[in-house]
Amino acid sequence: MVNYVYAYVSNRLAELRGEADRGDGPVPTAVIIVGLAILAAALIVTATDFVTSWTDELPDAPAGGGGAVD
């Protein structure tokens, strides 16, 4: 039984080592991550500029500041 398990595991490891297609390397993945990070930063800057310009256009509060309607 031990010999059978040893032979099976050895065979399976040899098959796994023989497979050449392991996917992309780390460099393309890192390039994609950096690109997405730059895109996210640009989106945040754009949204911040939009909100800032929108709030700058709002009218000032009334002089009384109470907000109560007479």
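User: Where do I start, and how many helices and strands does the protein chain have?

Analyst: Start with the secondary structure. The model is predicted, and its protein chain has 2 helices and 0 strands. Helix H1 covers residues 2–18, and helix H2 covers residues 26–56.

User: What share of the 70 residues is buried?

Analyst: Buried means under 20% relative accessible area. In this chain, buried residues make up 0% of the 70 residues. The accessible surface of the chain comes to about 6,700 Å², and 67% of that surface belongs to carbon and sulfur atoms.

User: Which residues form a nonpolar patch on the surface?

Analyst: The patch consists of Met1, Tyr4, Val5, Tyr8, Val9, Leu13 and Leu16. Together they have about 750 Å² of accessible area. Take Val5 as one case: this residue lies in helix H1 and has a relative accessible area of 42%.

User: Where do Glu15 and Arg12 sit relative to each other in helix H1?

Analyst: They are 3 residues apart in helix H1, so about one helical turn separates them. Glu15 is partly exposed, at 45% relative accessibility. Arg12 is also partly exposed, at 38%.

User: What lies 3.0 Å from the backbone oxygen of Thr52?

Analyst: A polar atom of the side chain of Thr55 lies at that distance. Thr55 belongs to helix H2, and with a relative accessible area of 37% this residue is partly exposed.

Conventions:
Residues numbered from 1 in each chain as written. Predicted model: local features only at pLDDT ≥ 70, side-chain atom pairs only at ≥ 80, totals over all residues. Heavy atoms only, no water. Patch = residues over 30% accessible without salt bridge, like charges linked within 9 Å, V, L, I, M, F, W, Y side chains within 5 Å. Areas by Shrake-Rupley, 256 points an atom, 1.4 Å probe, with all protein chains shown as cover. Salt bridge = Lys/Arg side-chain N within 4 Å of Asp/Glu carboxyl O. Helix = DSSP H or I, 4+ residues; strand = E, 2+ residues; numbered from the N terminus. Buried < 20%, exposed > 50% of the residue type's maximum accessible area, 1.4 Å probe, protein only. Polar contact = N/O pair within 3.5 Å; in protein donor to acceptor, adjacent residues only side chain to side chain.
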